[in-house]
Amino acid sequence: LAGGGVTGNDSDSAAQPADYANRGQNFPILRSAAGSAHDGAVSGTSGTMTGDYAVDLNSSANCDESE
């Protein structure tokens with residue numbers, strides 16, 4: 001989304017540069033996940049700007065923490 005790569009979560013109190021991906025919003029923190037390939041449950045937190053957000057969840061046999 002932007003050339004800066006993954007940025008750390010912060011308090012969201014400081015104004016972000018206009019060219020930040022997703023306006024510099026924090027990413028959600030996944031706390032737990034359980035279930036099968038077709039049914040499951042996840043829990044986590046998101047400490048970002050007030051609003052409604054969609055979080056898409058996907059699965060993969062491979063793990064790449066850089067994405």
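Trainee: Leucine 30 is found in strand S1. What makes a stretch of residues a strand?

Mentor: Strands are DSSP runs of E with at least two residues, helices are runs of H or I with at least four residues, and both are numbered from the N terminus. The protein chain has zero helices and two strands. This is a predicted model, in which local features need pLDDT of at least 70 and side-chain atom pairs count only at pLDDT 80 or more, while totals for chains, interfaces and linings use all residues. Residues are numbered from 1 along each chain as its sequence is written, and side-chain values use heavy atoms, with hydrogens and water left out.

Trainee: Why is leucine 30 called exposed?

Mentor: Its relative accessibility is 55%, and exposed means over 50% (buried is under 20%, partly exposed in between; 1.4 Å probe, protein chains only). Leucine 30 therefore counts as exposed.

Trainee: Which residues does leucine 30 touch?

Mentor: Leaving aside residues up to four places away in sequence, leucine 30 touches Val42, Ser43 and Gly44; contact means heavy atoms within 4.5 Å. The C-alpha atoms of leucine 30 and glycine 44 lie 4.4 Å apart, although 14 residues separate the two in sequence.

Trainee: Why is asparagine 26 called buried?

Mentor: Asparagine 26, in the segment before S1, has a relative accessibility of 7%, so this residue counts as buried. Of the 67 residues of the protein chain, 6% count as buried.

Trainee: What does the side chain of asparagine 26 reach?

Mentor: The side chain reaches the backbone oxygen of aspartate 10 at 2.8 Å. Among the residues that asparagine 26 touches, not counting those up to four places away in sequence, are Gly8, Gly47 and Thr48.

Trainee: What makes a space a pocket?

Mentor: On a 1 Å grid over the protein atoms alone, a pocket is an open set of points with protein on both sides within 12 Å along at least five of seven lines; lining residues have an atom within 4 Å of a point. The second largest pocket holds about 590 Å³ of space. Of its 22 lining residues, the closest to the centre are Leu30, Ala33, Val42, Leu57 and Asn58.

Trainee: Which elements give two or more residues to the lining of the second largest pocket?

Mentor: They are strand S1 (29–35) and strand S2 (40–45). S2 gives the most, with six residues.

Notes. 1 Å grid on protein atoms, 1.4 Å probe; cavity = no way out; pocket = protein on both sides within 12 Å on 5 of 7 lines; lining within 4 Å. Points joined across faces, edges and corners; volume = space filled by probe spheres on them. Polar contact = N/O pair within 3.5 Å; in protein donor to acceptor, adjacent residues only side chain to side chain.
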